[in-house]
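Subject: Structure handover

Hello,

Please find the structure below. My notes on it come after.

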Amino acid sequence: MSALDNTRELFRRDQVWPFLAPAQSRVNVDNQMILYVEDLNLSFDGFKALNNLNLYINDGELRCLIGANGAGKTTLMDVITGKTQCDSGTVYFGQNHNLLNKDEAEIAQLGIGRKFQKPTVFEEQTVFDNLELSLKTDKRVLPTLFSRLTPTQIDRIDEVLKTIGLAEHRFMLAGALSHGQKQWLEIGMLLAADPRLLLIDEPVAGMTAQETERTAELLTSLAGERTVIVVEHDMEFVRSIARTVTVLHQGSVLAEGTMDQIQSNKDVIEVYLGEEAVGEKGAEQGKGERA
Amino acid sequence: MRQLIALCCCLFGLLSFPIQAAETSRVDALFTELAGAKLKHMELILEQLEEAKGEAILPLFRVLLGGDLYYIKANKNLVGKFDDQGKTLYKQVFNDTLVPNLAKRDVKKIRVNNKLRGYLRNAIARIQLTAKSPSVRESAVRELLSKLDASTVVILEDLYPNEPNKKVKEAMGLALAMHTASQTELAVSNRLVAIETLSTSLENDVRNALTKLTQDDNPAIIKAAQGALEQIAQRAKRFAFVDQLFFGLSLGSVLLLASIGLAITFGVMGVINMAHGEMIMLGAYTTYVVQLIMPNYIDYSIWVAIPAAFLVSGLMGVLIERLVIRHLHGRPLETLLATFGISLILQQLVRTIFSPLNRQVSTPSWMSGSWEINPVLSLTLNRLYILAFALLVFIALVIILKKTSLGLNVRAVSQNRNMAKAMGVKTNWVDAMTFGLGSGIAGIAGVALSQLTNVGPNLGQAYIIDSFMVVVFGGVGNLLGTLVAAFTLGIATKFLEPTTGAVLAAILVLVFIILFIQKRPKGLFPQKGRAAE
Amino acid sequence: MSRLTAWFSEGRSSGKHTLPFVVILLGVTLLASAANLFLPADSALYVSTYTITLLGKYLCYAMLALAVDIIWGYCGILSLGHGAFFALGGYAMGMYLMRQIGDRGVYGDPLLPDFMVFLDWKELPWFWLGMDQFWFAMLMAVAVPGLLAFVFGWLAFRSRVTGVYLSIMTQALTYALLLAFFRNEMGFGGNNGLTDFKEILGFSLQSDSTRISLFIITALLLSVIFVISQRILSSRFGKVVLTIRDAESRSRFIGYRTDRYKVWLFVYSAVIAGIAGALYVPQVGIINPGEFSPVNSIEMVIWVAVGGRGTLIGAVIGALLVNYAKTRFTAIMPDAWLFALGAMFVLVTLYLPKGLMGVYGQLKAKYRPTNAKESQV
């Protein structure tokens, strides 16, 4: 483009310079769609972790992602939350937020919360502090330095503590909690942050049957007001919560539909049952990459 | 006298013809004659000597030319006078052995006049120019360049057409051209051709001669001389560039040696070993000790020192790993502090055992000297050897890592420690071996460094930060990256130095790396993929 | 303003060591000063001016240790370059003291310090301008380290250089400055640094009263910094800083831009180091490039490690203890000190990962039940 064109582009009267435009913080969901993932590609040293992946999530939906190890589920979450840069493609949160040019913190501040496969809580701090830190507040440096807990915030933390069943342990160090309790605490941290979109990676790993049930209840109750994406291997659990299920295979979407549709889908059966060798190979590759 | 001649035979036997018994006595007679000769007879005697002994007579002529030839009054033996720290001493003319107990009054000077001096000069030139060895002839010609006169030119002109060696002939041509160019009475065209010939040389004398010619009366000559000078300057610049490049490569090779062990320990174990510099120092001190043990075999000491240094530093490395680093696994910052403590202890240990002062390590004779490519470019041999040695060590290490089972284990552990453990790799053993290997190579680096710098307790400190920079710049866990980074930094430093000075160059390189790391935190050749995070 | 006081009053409850610490520190300071000023020199309790200066030096080190601890103990960033900030603060003070000499130098030049006359410089370099004003020099003593920390931190933390990489970078930073300050052309006195100071704000540096004042000021500033730091670290900002140390990526995923937190904490820490340096120079009477040496910076880390990182009080205690030991050791067996220091590095990292404060905590936990029993009886 020549300098003249550049200048013309710069002085177009129908557009406002980006730095003058008001920051749009609200998520535009006019089309009932909260997440647009289009043509996503990502490769690690020749291994295609994501391969032309397309995924659309409706506002208020509860969506389950399933697939063998190495199918790209966690990688997809990494890209959405800004942990990993993709090679090509677009990811939009609502119609107006391009997630690919934002870092993790910005994405989190937009209202996307994430729970990891391995529970990561701040072990050296109390359960209460963990929740306080996750509250939806102004997270810039100075406001944080001078912030004080308001009564509303304390109430909110109490409420979350009750929901996750850790009210008794509020002043315990998070590191002293059991594995399942840490899972709950992490979910609690998500709740405290009051996000629009929750990305939840294997929430019931290490939980008892009872706890699993409670988790399922919690997640279903969250959907509607919020949007929830769950990655899970436990098919029983998926069946108990899912309305729509997306199957990923080798970095792209293999099938999408209700659980029954998926289970009768020819491609899915072929991948999971017919050619087990394929699945295993994918799994091995996935392991190599993960560690 | 007989003894003296015998010694001459031994020393110059390879160069001179076997001396027949009859001739020996004749030469003896000539020497005796020389001792008391009058000035007007001397030339004749000298001519006879030259004829009889050829090249072997050179030392005598030189001493005589210098006015230092004496004879002992008692037996008319010839001796050369020399000064040793203010004392006047005398030595044999032909083999430099001291003749003891000679006082001034025991000897008498053999005097020469200007005519004889001229004769001697020419004779020396003539003898050298007809010497058997081409290299002697060549250096003789080059020596003559600065003191050409009519008579030497005559000799050169005589010899030039029959000279068999190409290089000597070239040099002679140069000398003749220099003469021709400076003769104002010669035809301009001849002189221009001569200047043309001169423009291909890099000799200092040639440049002086050309500079003189720029003051010539003839404008054509001035122009040609200026052109030639420019041409020479350009070539000299090119060679200066090569010289700088060589010094850069040399620094790079030192950096490579110093950092490659670090690249292994840091890359495989993720351990920052602050005592790495001290491993280098230990290697250097091992060289010193080896030379102390075998003072008469300095030439071979290096071959003993290399494995010895590898063992000493390597064992120290294994010891450190077993005693300290093993217990700090997964706590890189603490490892850094602990190894720093070890480095302090090792430094102080060396200070206590040896001394805080620097120790001199001697260079084997085959490593000293330099390789003179042309008058402006000569490469010092020790740097050349160390460059080759560094590359050799690098290649050996690559082979070890790629081809041996230890290498396989090491690579496995570096890529995925837990997985390797699960597969039955003894990670403890691999860690110890890796650390030993890295430290051992640091020891070898110490041997090389001892040939370039003084050996002192702070030797390692000087290299540790640079080595870290190399490893970080190249990308952790990547040997090729270390190689590229070492040479890049070495060359960059040496090319910056002339314009900025050594200290500022070092600062600039450091600042550059600090900025670079912030742009590419994983170095030049990063490991990719989720594994790298 | 009221917000600020409220902020502090809230902090009072948080650090339980803060009040005793401040009381003991100031108490000892006043006692020592009084013993120097009012007791006769032959009294058993007399504290010599030499001791006072030594104590003042230790307190500067303690302040420096505080700076290192804030960034290492609380945020997990091991800086091996804090000596650089300390020295920069020191140089700013040194430049002021140098300008105060005026025409009393060896060469008697009213404007140029001796070393510049010696180097045959005709004009004062631009960065020496204004350094004759105390307030300006003090501004520089905090601004220059702060700015350097900001630029370095901004570059490093934004591109997510962490762990040992960052440590090595900070070490390279101080090493580069060491090389630079050794150069005469830099205009900071080269090898010899700045020395032969005469007076500060018109008070002779040799007099007892000035020395005691400096000592008291150091103690006061140390207390103030201690209290502020305690307050900052117990605020939510401090909690975020801890999360950065323990699980930085998690902290990012809940919306904290950790790089900014780290930059500001780094700047804060550098400013403290700068203040410590500025207080140090008038008390020891010299500043030279040796202060930039990487070994110095790494030694600071061991003070903190000995005392116990992650506790401010530990950093102070560590600095005082190690430096006292150093003074004693180097007087008795100078050679053994480096052995002792080296061994300290190894042993503390191996056996006392939480330092003396960690031991104290363990002992307290062990003996508390028996104490409780005793009180019942």
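This is a predicted model: local features need pLDDT of at least 70, side-chain atom pairs count only at pLDDT 80 or more; totals for chains, interfaces and linings use all residues.

Residues are numbered from 1 along each chain as its sequence is written, and chains are lettered from A and ligands numbered from 1 in the order in which they are written.

Chain A

Chain A holds twelve helices and ten strands; these are DSSP runs numbered from the N terminus, helices being H or I of at least four residues and strands E of at least two. Its C-alpha trace spans about 65 × 60 × 35 Å along the principal axes. Among contacts in chain A between residues at least 6 apart in sequence, 68% join residues at least 24 apart; a contact requires C-beta atoms, placed from the backbone, within 7 Å.

Chain B

Chain B has two parts, domain 1 (2-118) and domain 2 (238-365 + 379-527), with bounds from an automatic or database domain assignment. The C-alpha centres of these domains of chain B are 56 Å apart.

Chain B also has an open antiparallel sheet of four strands, ordered β3-β2-β1-β4; strands pair if DSSP finds at least two bridges between them. β3 (87-92) and β4 (107-109) of chain B are at the edges with a single partner strand each, so one side of each has no neighbour in the sheet. Strand β2 (residues 78-84) of chain B is joined to β3(B) by six bridges, and the two run antiparallel. B:Phe82 stands opposite B:Leu89 in β3(B).

Chains C and A

In this interface, 23 residues of chain C are in contact with 24 residues of chain A. On chain C, α1 (2-11), α9 (236-253) and α10 (258-284) each supply at least two residues of the side that touches chain A. The largest share, eleven residues, comes from α9(C).

Regards

Definitions and conventions
Two residues are in contact if their C-beta atoms, placed from the backbone, lie within 7 Å.
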